[in-house]
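User: Hi, I'm new to reading protein models. Could you walk me through this one with some questions and answers?

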Amino acid sequence: MRATFTHTLSELADRDPRVLLLTADLGFTVFEPFIEKHPDRFFNVGVSEQNMLGLATGLAEAGFIPFVYSIATFASLRPYEFIRNGPILHHLPVRIVGVGGGFEYGTAGPTHHSLEDIGVMRLQPGITVIAPADVPQARSAVLATWDLPGPVYYRLSKDDRIIVSGLDGRFTLGQLQVIRQGQELLMIAMGPVSADVVAAAEVLHEQGIECTVAVVASVNPPPTSDLVALLGGFPVALTVEAHYVTGGVGSLVSEIVAEHGLGCRVVRCGVRESPDGITGSPQYLQQLHGLSPTALVETALRAIQPRRTSNA
Amino acid sequence: MESLSSRRIRQIILDQSKRAHVGHIGCSLAIADIIAALYGEILNIPSPDDPNRDRLVLSKGHAALALYAALFLKGWISEADLNSYCGDASLFGVHPDHSVNGIDFTTGSLGHGLSMAAGTALGARMQRSGRRVFVVVSDGECNEGSLWEAVMFAAHHRLANLIAIVDLDGQQAFGYTSEVLSLTPMAERWRAFGWDTHEVDGHDQKAISAAVASLDISDGPPHVLIAHTIFGKGVSFMESKIRWHYMPMSEEEYRQAVREVTA
């Protein structure tokens, strides 16, 4: 998504002189197209994420739309209080771009695994939180949100090729996207792990189990109406995210089920404990935490088994 | 409109602190002369919503009462506003909020203001505006690493329209800076980071104004005034005493303090 983000931002910068790009020393081989076209609107501020957020707050107060960029952990957690006391408290249009959510930085280790960025961002009032599932949706999401009046957090993938079947680049703020229809189980996914959910749904289909798969990219504002409508039609829903099960889409769905008194059981698939000392590829780490297609199929079968047994 | 003097600012600080029965008196008194110089002579603010007005970030937000006093004396907030200080449903808390007419940035967490000020200064330069950005930081605040991130950025980008004023009173919340975390030599530290550094008496308004007037704000490095101040300045029993970072005044302490600042 990084290349698409860069090209999209460069197009926006062509149209609007307010668009700026700041990075805390990351983006090698990513930002060159933007820098070549808009050298005076690009700032590598050095390894100083707190300062980057403070600068962006001042620039936004002056009328600019600054996009600030780093690895998701460094973009969200290190300057978190600067985000809260800056663009949040001042209602300013700072865009925080965190790249490599979940385990995408695999072997880089736990300092680079972003497992709580959505949760901490979703806590704050007035911030739009966007987690696209694939490359075309990332472009649509940026185009739909870049000039919102308040702050935005984007959780972007490093993967420049990821495509989620059935999504077709759709994105609407405050809505979810249904990418597969089925009657037996509802699966709600956030981010690129949606592709693994589709793969799991395909395996379940081969076993005669039809799933509805929905993608939540507009985490805040949440797709409340869509979720209420969907959840009301299923006895059980799986939420899937490369994130701790607390704070992300699993929490969001559980809150909506509870607040609306829905009779849907929620099974949250995600990270439940800190992966101390364990490293490896993103695929390995996702499998370790039950997020591979195979693991998701097993969880889905366990989730629907009581109902299937009682119906028998 | 009343005349804007450090004497009136000090009296308002004492009156409001006594009425609200709150502390943070000494740190507000320490910058009364700096605030008087800024709002009396230095800042170019035709109106608080003029987009090309000079900006002020009170990064040491815990001294907001001195700022409220100046805004009142400028006629930008009312006496009722002032009298709501630390009351329920008031916009006027211990730390300043940007919702208040005349306050550009919400502060209160130390180490944040200079980076916002640097962004504002960079924005002004990109817009080819002549507005200047002032930021008042405390010496204890210089413990914060984030402040030095902004110091480096401003120097690297030669933000000549950025003017920091360090309130060097030698105190922080829980002790003297020399005992908690030494900041000596303050001026040499800023100079080493590439700032145009000046030392002034932080209680001499004329010297502060003259120092600012001498700065080249169109080109060159950012500027810092190391303002030597006395914590609690003007009230003998508060001067350089840690407890007056926290304590409210008794009736007798209030009467004596007012006698001294109005003498």
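Predicted model: local features only at pLDDT ≥ 70, side-chain atom pairs only at ≥ 80, totals over all residues.

User: How many helices and strands does chain B have, and what share of its residues count as buried?
Analyst: Let's take the elements, then the burial. Chain B has 11 helices and 7 strands. A residue counts as buried if 20 or more other C-beta atoms lie within 10 Å of its own. Of the 263 residues of chain B, the share that passes is 53%.

User: Is B:His24 buried or exposed?
Analyst: Start with where B:His24 sits: the loop between helix 1 (6-20) and helix 2 (25-30) of chain B. Its phi is near 60°, a positive value in a residue other than glycine. Now count: B:His24 has 24 other C-beta atoms within 10 Å, and the cut-off for buried is 20 or more, so B:His24 is buried.

User: And B:Arg128, is that one buried or exposed?
Analyst: B:Arg128 lies in the loop between helix 6 and strand 2 (133-138) of chain B. Phi of B:Arg128 is near 55°, again a positive value in a residue other than glycine. There are 6 other C-beta atoms within 10 Å, and 12 or fewer is the cut-off for exposed, so B:Arg128 is exposed.

User: Which residue is joined to A:Pro221 by a cis peptide bond?
Analyst: Look in the loop between strand 10 (218-220) and helix 9 (224-231) of chain A, where A:Pro221 is found. The cis bond there has omega of about 5°. The partner of A:Pro221 in that bond is A:Asn220.

User: How does chain A do on the radius of gyration test?
Analyst: Chain A has 12 helices and 12 strands. Its C-alpha atoms fill a box of roughly 70 × 40 × 30 Å along the principal axes. With 312 residues, a compact globule would have a radius of gyration near 20 Å, and chain A agrees with a value of 19 Å.

User: Where is chain A divided into domains, and how many residues of domain 1 are in contact with domain 2?
Analyst: Chain A is divided into domain 1 (2-156) and domain 2 (177-311). Their centres, taken over C-alpha atoms, are separated by 27 Å. On the domain 2 side, 26 residues take part in the contacts. On the domain 1 side of chain A, the count is 24 residues.

User: Which elements of chain A each supply at least two residues to the side of domain 1 that touches domain 2?
Analyst: By class, that side of domain 1 of chain A has 11 nonpolar, 8 polar and 5 charged residues. The elements of chain A that each supply at least two residues are helix 6 (117-123), strand 5 (128-130) and helix 7 (135-145).

User: Last one: which element gives the most to the side of chain B that touches chain A?
Analyst: In total, 19 residues of chain B are in contact with 21 residues of chain A. On the chain B side, helix 6 (113-126) and helix 7 (145-156) of chain B give two or more residues. By class, that side has 8 nonpolar, 10 polar and 1 charged residues. With 9 residues, the element that gives the most is helix 6 of chain B.

Definitions and conventions. Residues numbered from 1 in each chain as written. Chains lettered and ligands numbered in written order. Domains from an automatic or database assignment. Contact = placed C-beta atoms within 7 Å. Helix = DSSP H or I, 4+ residues; strand = E, 2+ residues; numbered from the N terminus. Nonpolar A, V, L, I, M, F, W, Y, C, P; charged D, E, K, R; others polar. Rg over C-alpha atoms; globule rule 2.2 N^0.38 Å.
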